Amino acid sequence: MTDVLVPGGRDVRGSLDRASEAERGDADAEADPDTDACVVACPPHPQHRGHRGDERLRAVSDVLTAGGVDCLRFDYGDWDEGYGERADARNAVAWAGERYERVGLFGFSFGGCLALQVASEGDADAVSALAPTARLADDLDAVAAMDDLDCPAQVVFGTRDDTADWEPVVERARELGFDLREFSADHFFVGQAGKVGDAVGEWLLGEL
């Protein structure tokens with residue numbers, strides 16, 4: 001794992017999990033990536049203790065790195081009603097885009113909403129959203145953004161989720177023919193982080 005300071009004017013710090021380290025157990029891997037693909041992982045709501053160490057983000061990262069793809073998990077900068085956080089995700093994607101040929105996006109909950117929005121701007125090669133909330137504000141709308149996606153997309157959801165407003169995202173994803181994965185789970189996928197990691201990580205590996 002390598003510490004990363006994401007450029008962009010806000011204090012955004014990340015952890016780059018390297019596929020080379022997962023394969024070789026090498027904590028001193030060279031700075032140059034041994035893979036040409038990276039997934040940027042957006043954490044859940046920072047005001048509800050969301051952070052880059054979230055177990056669902058780690059589970060996805062474990063599958064990715066074992067499969068030869070790096071993963072950048074990051075923390076948002078100071079709270080900015082979703083707007084600064086969206087900029088943080090954009091900047092993290094830009095950082096990855098300067099270093100890798102292919103960049104995927106993944107986000108959980110609040111982060112899933114942002115991942116879909118940022119991917120709709122055209123800088124991602126694949127996007128997966130886990131239990132994404134439909135919108136953060138009138139102009140921070142994941143459902144509207146999905147119509148502009150031009151990359152493969154996946155939505156993973158729990159049928160017992162009564163926390164996020166995920167139904168509009170799933171409905172639109174079904175209409176658009178996105179990959180849909182359904183779990184009998186609550187919003188936090190308690191006891192199922194490993195299965196979530198497999199579902200998301202394996203799909204992203206196949207697309208990247």
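**Exercise 1.** Which residue in β4 is the bridge partner of Asp-17?

*Solution.* Keep in mind that this is a predicted model. Start with the strands: β2 covers residues 12-17, and β4 covers residues 70-74. These two strands pair in the antiparallel sense, with four bridges between them. Now look up Asp-17: its bridge partner in β4 is Cys-71.

**Exercise 2.** Find what stands opposite Cys-71 on β3, and trace how the chain gets from β3 to β4.

*Solution.* Strand β3 spans residues 37-42 and runs parallel to β4, joined to β4 by four bridges. Opposite Cys-71 you'll find Val-39. To get from β3 to β4, the chain passes through helix α2, residues 55-66, and this β-α-β crossover is right-handed.

**Exercise 3.** Decide whether the residues on each face of β4 are buried or exposed.

*Solution.* Take one side first: Asp-70, Leu-72 and Phe-74 are buried.

**Exercise 4.** Describe how α3 and α4 pack.

*Solution.* Two packed helices are described by the angle between their axes and the distance between the axes. For α3 (residues 83-97) and α4 (residues 110-123), the angle is about 55° and the axes are 10 Å apart. That angle makes α3 oblique to α4. Their crossing is right-handed. Residues making the contact include Ala-89 and Val-93 of α3, and Leu-114 and Val-118 of α4.

Conventions
Residues numbered from 1 in each chain as written. Predicted model: local features only at pLDDT ≥ 70, side-chain atom pairs only at ≥ 80, totals over all residues. Heavy atoms only, no water. Buried < 20%, exposed > 50% of the residue type's maximum accessible area, 1.4 Å probe, protein only. Pairing = 2+ DSSP bridges. Right-handed = clockwise from strand over helix to strand, strands pointing away. Axes fitted to C-alpha atoms, helices over the stretch in contact; angles between N-to-C directions. Parallel < 35°, antiparallel > 145°, perpendicular 65-115°, else oblique. Left-handed = near helix turned anticlockwise from the far one by under 90°. Contact = heavy atoms within 4.5 Å.
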